[in-house]
Amino acid sequence: FRSGVLCSAASGCDEPLSSPDKSAPVETPAPEAAVVAGTPLTAPDCRILTTQLATASGDDGEGSVASNSQDDDVSTRWSGPGVGAFLSLDLGTSQPVAGVTVAWHRGHERQNRFVLSTSVDGVSFTQALAGDSALNTQAQTYAFSPRQARYVRITVNGNTVNDWASI
């Protein structure tokens, strides 16, 4: 979303990435390099959408707030407690979205169970994809069927280490 998006759900793909079954969402890892501080998050075949506002269901109370997910700094993050913790990204206006790229905090140590949802009004969300993150530090792109959305929400339902969400 933000130009140079970092640690969160941040690219809206103009077209879904190719998959053998065109109707099925696919997980496609980003290029092989790990995410590096100061390096904008990118995804193949996508244009970066600008996030106007990042909000969350909560945070760790120690400064790991939602806006950290958009600051292009891998040393910061959003962390929310509990199964069902979510990060919501407001694009400002409804626009075509067909995927999200996420840089998971400590992604090489734990896999996250998550749901990506979209909304045009910020109240009623529709699931776009549910899955598990790959076990690595790379930014990971998750493609889904194209749709209009103003809001993108990542709901984390725990990980292989604990119930925290960290992006």
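Reader: Where do I start, and how far can I trust the model?
Author: Start with confidence. This is a predicted model. The mean pLDDT of the protein is 79. Of its residues, 73% reach 70 or more.

Reader: Over which residues does pLDDT stay under 50?
Author: Over residues 1-37. The model still has 142 contacts for that stretch beyond four places in sequence.

Reader: How do I read the way strands pair?
Author: Look at the sense of the pairing and the number of bridges. Strand 4 and strand 7 pair in the antiparallel sense, over 13 bridges. Within strand 7, Ala149 stands opposite Gln95. Strand 5 and strand 7 are antiparallel too, over 7 bridges. There, Ser117 stands opposite Arg153 in strand 7.

Reader: What share of the 167 residues in the protein is buried?
Author: Buried residues make up 47%. The protein exposes about 7,300 Å². Carbon and sulfur atoms supply 50% of that area.

Reader: Which residues touch the most other members of the largest nonpolar core?
Author: Trp104, Leu116, Ile154 and Ile167. The core has 24 residues. Strand 4 gives the most, with 7 residues.

Reader: How many aromatic pairs does the structure hold?
Author: It holds 2. For a pair, check the distance between ring centres, then the angle between planes. The ring centres of Trp104 and Phe114 are 5.4 Å apart and their planes are at 45°, so this pair is tilted. Trp104 sits in the loop between strand 4 and strand 5, while Phe114 is in strand 5, 10 residues apart. Both residues are buried. Trp104 and Phe114 also form one aromatic cluster with Tyr142.

Reader: What share of contacts with a separation of 6 or more comes from residues 24 or more positions apart?
Author: In this protein, 78%. Single residues give examples of links across the sequence. Take Gly82, in the loop between strand 3 (79-80) and strand 4. Its C-alpha atom is 7.0 Å from that of Gly158, 76 residues apart along the chain. Leaving out residues up to four places away, Gly82 touches Val156 and Asp163.

Reader: Is Gly82 buried or partly exposed?
Author: Gly82 counts as partly exposed, because its relative accessibility is 26%. The buried class stops under 20%.

Reader: Where is Arg110 found?
Author: Arg110 is in the loop between strand 4 and strand 5. Arg110 is buried, with a relative accessible area of 8%. Beyond four places in sequence, Arg110 touches several residues, including His105, Ser133, Leu135 and Asn159. Arg110 and Ser133 are 23 residues apart in sequence, with 8.5 Å between their C-alpha atoms.

Reader: Which residues is Asn112 in contact with, leaving aside neighbours within four places in sequence?
Author: First place the residue. Asn112 is in strand 5. At 1% relative accessibility, Asn112 counts as buried. Its contacts are Trp104, Gly131, Asp132, Ser133, Val156, Gly158, Asn159 and Trp164.

Reader: And how do I read a backbone angle such as phi?
Author: Most residues other than glycine have a negative phi. Arg106 has a positive phi of about 55° although it is not a glycine. Arg106 lies in the loop between strand 4 and strand 5. Its relative accessibility is 43%, so Arg106 counts as partly exposed.

Conventions. Residues numbered from 1 in each chain as written. Predicted model: local features only at pLDDT ≥ 70, side-chain atom pairs only at ≥ 80, totals over all residues. Heavy atoms only, no water. Core = buried A, V, L, I, M, F, W, Y, C linked by side-chain atoms within 4.5 Å. Buried < 20%, exposed > 50% of the residue type's maximum accessible area, 1.4 Å probe, protein only. Helix = DSSP H or I, 4+ residues; strand = E, 2+ residues; numbered from the N terminus. pLDDT = per-residue confidence, 0-100. Contact = heavy atoms within 4.5 Å. Pairing = 2+ DSSP bridges. Areas by Shrake-Rupley, 256 points an atom, 1.4 Å probe, with all protein chains shown as cover. Phe/Tyr/Trp six-rings, centres within 6.5 Å; stacked < 30°, edge-to-face > 60°.
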